[in-house]
Amino acid sequence: MPHTPVWFMRQAGRSLPEYRKVREGTTMLEACTRPELVAEITLQPVRRYGVDAAIFFSDIVLPLKAIGVDLDIVPGVGPVMAEPVRRREQVDAIGVLTPDDVGYITEAIGLLTAELGGTPLIGFAGAPFTLASYLVEGGPSKNHEHTKALMYSDEHVWHALMSTLADISAAYLRVQVDAGASAVQLFDSWVGALSASDYQRYVMPHSQRILASLAETGVPRIHFGVNTGELLPLMRDAGADVVGVDYRLSLSDAATRVGDGVALQGNLDPAVIFSSPDAVRTRVDAVLDSASGLPGHVFNLGHGVLPTSDPEVLAAVVRQVHERTQH
Ligand code: 1CP
């Protein structure tokens, strides 16, 4: 690539007027099952920003819905379960995911790879801890108290749940790669709520199994979470080719923590997009300065695009990254 590649987590979605327009009258979950709509929404930010990758439009709870978990995505809230999952029988009732459960995903990726030309398509899945948090809490959570209570109180049920979720995420990522996705990102958005030792004991083996299952495909594997400064070396050891870094740690400090042999992705604070043009430029430069000398850098935000972000500012960030890193 002639410059540092750049894409944005949540680059599709509410910040784009063209997204709001095509989503009118369609629920989020319905939208995710319509291949033409998924393809259109995935392509919108690529057209608008000239980003160097598309991220498949879907949600981390989609594969759970696809295998019959009773849940909804509530506008302005996020994923909400009909019933929180906290007991052994409930865990045992969660099935496995087969490619037939998500035929519309294969179809949407087929449409996309035809339209994207050379632009890579990133597939994604939720990592077991983050999915477990939605299942056990019953919806979005700040403190993950029920999730941790299950983890600490009943390690057998916990590992059974994590193992079930790992199988689902691994199968879901494999469907995406088989359909043509050229990279994958495992989103463990909320795992930063754990200490390193808890991560190692209760989470890491499961995420590791997902990432290892994809090794033979040869696609780059990105492993991302928020508030993971203390977990980055373990997240690398779990099998990532690229470690995503949130905005709480500079990329150079993150590189010291993860060591050689792995690329970093990140890490502009999504709130910077609301600053003056000069402040945005300075902050983008600071991320690029911090990344100079790394074995690999994918420019991104430190977490998803905030819904009220101005698309013009994101477009300017893409131009700046491309211009400054051209070689
Ligand atoms: O750029 C894109 O195409 C975005 C596609 C995308 C992705 C990668 C969506 C669409 N969701 C996700 C992943 C996702 N979903 C994550 C991991 C990424 C992250 O950390 O931001 C998480 C934690 C979720 C769960 C979720 N789904 C939330 C967060 C709730 C919470 O706990 O704070 C929300 C609001 C949703 C719904 C959702 N997903 C996507 C969209 C566009 C929406 C809003 C839909 C609507 O309300 O109509």
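N227 sits in the loop between strand 6 (221-224) and helix 11 (232-237). Keep in mind that this is a predicted model. N227 isn't a glycine, yet its phi is positive, at about 65 degrees. With a relative accessible area of 43%, N227 is partly exposed.

R10 is another non-glycine residue with a positive phi, near 60 degrees. You'll find R10 in the segment before helix 1 (17-23). R10 counts as exposed, because its relative accessibility is 59% and the cut-off for exposed is over 50%.

There's also a cis peptide bond, joining G266 and N267, with omega at about -5 degrees. N267 belongs to strand 8 (residues 263-268).

Now for the rings. How many aromatic pairs does the count come to? It comes to six. Here are two of them:

| Pair | Centre to centre | Angle between planes | Type |
|---|---|---|---|
| F8 and Y49 | 6.0 Å | 85 degrees | edge-to-face |
| F124 and F187 | 5.4 Å | 90 degrees | edge-to-face |

F124 lies in strand 4 (residues 121-126) and F187 in strand 5 (residues 183-187), so their pair ties together parts that are 63 residues apart in sequence. Both F124 and F187 are buried. Together with F224, they form one aromatic cluster.

Key: Residues are numbered from 1 along each chain as its sequence is written. This is a predicted model: local features need pLDDT of at least 70, side-chain atom pairs count only at pLDDT 80 or more; totals for chains, interfaces and linings use all residues. Side-chain values use heavy atoms; hydrogens and water are left out. Helices (H or I, at least four residues) and strands (E, at least two) are DSSP runs, numbered from the N terminus. Buried means under 20% relative accessible area, exposed over 50%, partly exposed in between (1.4 Å probe, protein chains only). Rings of Phe, Tyr and Trp (its six-membered ring) pair if their centres lie within 6.5 Å; planes under 30 degrees apart count as stacked, over 60 as edge-to-face and the rest as tilted.
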